[in-house]
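Hi,

Here is the structure I promised to pass on. Have a look at it first, and then read on for what turned up.

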Amino acid sequence: MSSLYEQLGGQPAVDAAVDIFYRKVLSDDRISAFFDGVDMDRQIGKQKAFLTMAFGGPHNYSGRDMRTAHAPLVARGLNDSHFDAVAENLSSTLQELGVAQDLIDQVMAIAGSTRQDVLGR
Amino acid sequence: MPQLTYDGVTYRAAPGESVLDALLRQGVPIANSCRAGACQSCLLRANSGQVPAAAQVGLKSTLSEQGYFLACLCHPTEDLQLEEAGGLEVAASLAALERLTPTVLRARVRTHQPLHYRAGQYITLRRPDGLARSYSLASLPDDHTLELHIRRTPQGQMSGWLFDEAHENDAVTVRGPAGDCFYTAGHPDQPLLLAGTGTGLAPLAGICKDALRQGHRGPIHLFHGALRPEGLYLQDELHTLARENSNLQYIPAVMEGGEAAGLETGKLDTVIAHRHPKLSGWRGFVCGDPTVVQLLRKKFFLAGMASREIFADAFLQAPAPQTTR
């Protein structure tokens, strides 16, 4: 049985997803303000790292990194509704790419496991 | 605290202090400009001691392997023996200085040995007293001189000198090139969108000429924005270039006062979006003021341009000179 990451298509799948995902996030009025003034290249690098992790791929993300990175956003009001909005964009990105629903469910479970760290709880 | 040895003298870096700040604080004149790792003016070489990897970000592997690093990004963790990176500079002289507008000067610089570069990259121009600033290259390597567009900045030391005091044949040195905002061959039919304000036109005009020279066949749309018509420059040259190359469109745009001159009027991103609502499949180049660059690359991306197809060069402003006490 190949891993989730392999079933999704590995790094090329991450590359295909990152632009679609980030474009959705930036266009989403519920959350786009959190991305004002951020460097796009750097942010896309971070999104790739995040997607690689959510796709079950190799990563060196730690809960602590997640907390530290998002702490300034939590101070600006980042809450569950924003987390849900990002998750929704991730799910629709995968649907748009034609990923099978059972794989999407697995990705969403991994992404969802970061909620407490992202929201600093 | 790590010790820094430079020119036979030993200095100490305070906690949290960069090598650049430590040396400047102790009176060592190290050329510097952006202080953010972009311009590479403060390049130094460590003969002994290991510099942190973060101080070599963006350097060519050939340089980092020789111990070159950026003093502004280097927070030393061990003793370093330092020397100037002078060997990488080439001697040059000012070949021509031409005011294109009251605030934009075209400087042509003749290097005494050929410089290998790509139009759109940037070099660091250094005056004999050490003052250094980075400028983008509007010329092609085949041209006899480097072409730079100098914007006069308030209290700008280098721009003030070039505008008011410098003469042809004055000696300078050139270091570089650096930067990855340039045309690459391989997709001759891809549509290209080039946009920027002010002297962001320098790299854009260079990239445009380079693409044409390399036989680019796809559409090339060059947008240059200014506040008012008098802020535009090189209009005749670019209109001529567009007449000579049917795939090139040159669209100058201003924020105000453009109607009388028959110019596109409005914010640059709006003018572009009006003509190009969808940009998937395009390649984009954005240069100049950092705020404009950031806005345009985001708008291009949201209009469908792939992130890896967007090349940007945000001009960082050197900090204002410190007042002498």
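**Helix α5 of chain B**

On α5(B), the exposed residues B:D236, B:R243 and B:E244 sit on the face turned away from the helix's buried side. Please keep in mind throughout that this is a predicted model.

Which residues of helix α5 (residues 235–244) of chain B are buried? They are B:L238, B:L241 and B:A242. These three lie on the same side of α5(B), because they cover an arc of only 100° around the axis. An α-helix has 3.6 residues a turn, so residues three or four places apart point the same way. As for what lies over the buried residues of α5(B), the cover includes α4 (201–213), β13 (220–226) and β14 (248–254) of chain B.

**Where the two chains meet**

The size of an interface is often given as the accessible area lost when the parts come together. Here, chain B and chain A bury about 980 Å² between them, and 52% of that is on carbon and sulfur atoms. In chain B, the residues that lose the most area to chain A are B:R297, B:K298 and B:F301, which together make up 53% of what that side buries. Counted by residues, the contact takes 10 from chain B and 12 from chain A.

How many salt bridges does the rule find across the interface of chain B and chain A? There are three. B:K298 forms a salt bridge with A:D36, where the closest N and O atoms are 3.5 Å apart. Between chain B and chain A there are also six residue pairs in polar contact, with both residues at pLDDT 80 or more. Helix α7 (residues 290–302) of chain B supplies the largest share of the side of chain B that touches chain A, namely five residues. By type, the residues on that side of chain B divide into five nonpolar, three polar and two charged.

Is A:R23 buried or exposed? With a relative accessible area of 18%, A:R23 is buried, since the cut-off for that is under 20%. Leaving aside residues up to four places away in sequence, A:R23 touches B:F301, B:L302, B:G304, B:M305 and B:A306.

**Some spots within chain B**

B:S93 belongs to strand β6 (residues 89–101) of chain B and is buried, at 9% relative accessible area. Its contacts, not counting residues up to four places away in sequence, include B:R108, B:V109, B:R110 and B:H112. B:N169 is also among the residues that B:S93 touches.

B:N169 is worth a look for its backbone too: phi is near 80°, a positive value in a residue other than glycine. B:N169 is found in the loop between α3 (157–164) and β11 of chain B, and at 59% relative accessibility B:N169 counts as exposed.

B:D7 likewise has a positive phi, of about 55°, although it is not a glycine. B:D7 sits in the loop between β1 (3–6) and β2 (9–12) of chain B and counts as exposed at 68% relative accessibility.

Lastly, the peptide bond from B:G176 to B:P177 is cis, with omega near 5°. B:P177 is found in strand β11 (residues 171–178) of chain B.

Best wishes

Technical notes:
Residues numbered from 1 in each chain as written. Chains lettered and ligands numbered in written order. Predicted model: local features only at pLDDT ≥ 70, side-chain atom pairs only at ≥ 80, totals over all residues. Heavy atoms only, no water. Contact = heavy atoms within 4.5 Å. Buried area = accessible area lost by both parts, 1.4 Å probe. Salt bridge = Lys/Arg side-chain N within 4 Å of Asp/Glu carboxyl O. Polar contact = N/O pair within 3.5 Å; in protein donor to acceptor, adjacent residues only side chain to side chain. Helix = DSSP H or I, 4+ residues; strand = E, 2+ residues; numbered from the N terminus. Nonpolar A, V, L, I, M, F, W, Y, C, P; charged D, E, K, R; others polar. Buried < 20%, exposed > 50% of the residue type's maximum accessible area, 1.4 Å probe, protein only. Arc of directions from axis to C-beta.
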